[in-house]
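Please walk through this structure with me, one part at a time. Keep the sequence and the 3D view side by side.

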Amino acid sequence: LTLFILALSIYLYKIDVITPGIHLDEITIAKASEQVLSSDEYVPFVAVNYGHPTPLLYLTGLSIEWLGRTITAVRLPYVLFGALSVIVFYILLRLFFNKTVSFSSSLLLMFSYPLIIVSRMAFEITPSLFFQLTTLIALYLAWKKNDLRYYVGAGLSLGLGLYTYVGFRTF
């Protein structure tokens, strides 16, 4: 909980000022999110950006609908995934290391410049990282405990991850 609150605070701090302005990709995501949310039918991919997956667009659209047309609203789902990634990373490390090593390593991830930057922008990298980490946890637990629930969890996490960033498909 401490890691999550700290990560969320860091990633939300002056989000409408740092980084300055909104980027073209973020505008495209915001417009596609509003369009997808206002549509009468559900589609898994849209024609924007070569078949952009829609689950994250729906989350962004809801954020815009609830908070208004602001930079914060567009970026909020990705900030949440960034903060959740730090927590899931801690859980993954706890499978192998003690609390001190896991907590310290999670702090290093939280304060890493690349994660701070991508968490503060409407890019699918942080949801992709989140689902990569949850997939690794589920696969390890499935192998260790040989329980069907963990195999199902790995499959769900892998399936959801395919609807994030293109780089997840390599994973």
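Predicted model: local features only at pLDDT ≥ 70, side-chain atom pairs only at ≥ 80, totals over all residues.

Residues are numbered from 1 along each chain as its sequence is written, and side-chain values use heavy atoms, with hydrogens and water left out.

Start with the helices. Helices here are DSSP runs (H or I, at least four residues), numbered from the N terminus. Find helix α7, residues 125–145. The axes of α7 and α8 come within 8 Å and cross at roughly 160 degrees. Axes are lines fitted to C-alpha atoms, for helices over the stretch in contact, and angles run from 0 to 180 degrees between N-to-C directions. The two helices are therefore roughly antiparallel (an angle over 145 degrees). The crossing of α7 and α8 is left-handed; that is, the near helix is turned anticlockwise from the far one by less than a right angle.

Helix α7 also packs against α4. Their axes are 8 Å apart, at an angle of about 25 degrees. That makes α4 roughly parallel to α7 (an angle under 35 degrees). This crossing, too, is left-handed.

Is Ala138 buried or exposed? Ala138 is buried, with 8% relative accessible area. Buried means under 20% relative accessible area, exposed means over 50%, and partly exposed lies in between (1.4 Å probe, protein chains only). Ala138 and Ser157 are 19 residues apart along the chain, and 8.2 Å separates their C-alpha atoms.

Next come the charged pairs. Side chains of opposite charge can pair when their charged atoms come close. A salt bridge is counted when a side-chain nitrogen of Lys or Arg is within 4 Å of a carboxyl oxygen of Asp or Glu. How many salt bridges does this rule give? The count comes to 3.

Take Arg75 and Glu26. Their side chains meet in a salt bridge, with 2.8 Å from N to O. Arg75 lies in helix α4 (residues 71–94) and Glu26 in helix α2 (residues 24–38), so this pair ties together parts that are 49 residues apart in sequence. Arg75 is buried, at 0% relative accessible area. Glu26 is buried as well, at 0%.

Glu34 pairs with Arg69. The closest N and O atoms of this salt bridge are 2.7 Å apart. Glu34 is in helix α2 and Arg69 in the loop between α3 (55–67) and α4, so to speak two distant parts of the chain, 35 residues apart, linked by the pair. Glu34 is partly exposed, at 27% relative accessibility. Arg69 is exposed, at 70%.

The side chains of Asp147 and Arg149 also form a salt bridge, at 2.6 Å from N to O. Arg149 is exposed, with 62% relative accessibility.

Look at the backbone now. Most residues other than glycine have a negative phi. Lys14 is not a glycine, yet its phi is positive, at about 50 degrees. Where is Lys14 found? Lys14 sits in the loop between α1 (2–12) and α2. It is partly exposed, at 44% relative accessibility. Asn146 likewise has a positive phi of about 50 degrees without being a glycine. Asn146 lies in the loop between α7 and α8, and is exposed at 61% relative accessibility.

Finish at helix α8, residues 148–161. Which residues form the nonpolar patch on the surface? They are Leu148, Tyr151, Val152 and Leu156, with about 420 Å² of accessible area together. Patch residues have over 30% relative accessible area and no salt bridge; like charges are joined within 9 Å, and nonpolar side chains (Val, Leu, Ile, Met, Phe, Trp, Tyr) within 5 Å. Accessible areas come from the Shrake-Rupley method with a 1.4 Å probe, and for residues only the protein chains shown count as cover. Leu148 lies in α8 and is exposed, at 63% relative accessibility.

Leu162 belongs to the segment after α8. Leu162 is partly exposed, at 40% relative accessibility. Its C-alpha atom is 25 Å from that of Ser106, a residue 56 positions away along the chain.

Key. Parallel < 35°, antiparallel > 145°, perpendicular 65-115°, else oblique.
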